[in-house]
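Please keep the sequence and the model in view while reading.

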Amino acid sequence: MPIAVDIDVMLARRKMSVGELADRIGITPANLAVLKNGRAKAVRFSTLAALCEVLDCQPGDLLRWETDDAEAAEAADEVDKADGADRAEQTQGD
């Protein structure tokens with residue numbers, strides 16, 4: 001998806017749990033997880049405003065646009081890292 005969600009980054013910066021954020025903005029932890037993990041199809045402006053208020057940030061701190069090429073390159077990098085880790089484990093086992 002070309003829209004990346006960085007709620008987890010802001011949660012880490014604020015040292016706040018998903019459960020605490022969900023309580024403070026008035027949604028269920030399950031619905032917040034759907035949004036946080038980029039599986040949401042839409043977000044209400046009222047929810048976005050509540051997120052910004054509680055996390056003391058701007059919408060652009062939570063959402064960013066990525067090209068499909070960037071997403072594919074990121075996925076390829078993750079595969080390469082996993083392959084490298086597998087090779088390192090195999091070398092240690094020999």
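## A pair within helix 2

R24 and E20 both belong to helix 2, which spans residues 18-25. They stand 4 residues apart, about one turn of the helix. Here helices (H or I, at least four residues) and strands (E, at least two) are DSSP runs, numbered from the N terminus. The model is predicted: local features need a pLDDT of at least 70 and side-chain atom pairs count only at pLDDT 80 or more, while totals for chains, interfaces and linings use all residues. Residues are numbered from 1 along each chain as its sequence is written, and side-chain values use heavy atoms, with hydrogens and water left out.

R24 forms a salt bridge with E20 (a side-chain nitrogen of Lys or Arg within 4 Å of a carboxyl oxygen of Asp or Glu). The closest N and O atoms of R24 and E20 are 3.5 Å apart. R24 has a relative accessible area of 48% and is partly exposed; E20, at 35%, is also partly exposed. In these terms, buried means under 20% relative accessible area, exposed means over 50%, and partly exposed lies in between (1.4 Å probe, protein chains only).

## The buried side of helix 2

Which residues of helix 2 are buried? They are L21, A22 and I25. These residues lie on the same side of helix 2, because they cover an arc of only 100° around the axis. The arc is that of the directions from the helix axis to the C-beta atoms.

Contact means heavy atoms within 4.5 Å. Another member of helix 2 is G19, which counts as partly exposed at 31% relative accessibility. The C-alpha atoms of G19 and P29 are 5.6 Å apart in space, with the two residues 10 positions apart in sequence. After helix 2 comes G26, whose phi is positive, near 85°.

## Salt bridges around R64

The salt-bridge rule gives a count of 3 for the model. R64 makes a salt bridge with D6, where the closest N and O atoms are 2.6 Å apart. R64 is partly exposed at 36% relative accessibility, and D6 is buried at 13%.

The side chain of R64 also meets that of E66 in a salt bridge, at 2.3 Å from N to O. E66 is buried, with a relative accessible area of 13%. Through shared partners, salt bridges join D6, R64 and E66 into one network.

## The chain as a whole

The protein chain has 6 helices and 2 strands. Along the sequence, their pattern is β-α-α-α-α-α-β-α. Of the 94 residues, 26% count as buried.

Among the contacts in the chain with a separation of 6 or more, 63% are between residues 24 or more positions apart. The accessible surface comes to about 6600 Å², and carbon and sulfur atoms account for 51% of it. Accessible areas come from the Shrake-Rupley method with a 1.4 Å probe; for residues, only the protein chains shown count as cover.
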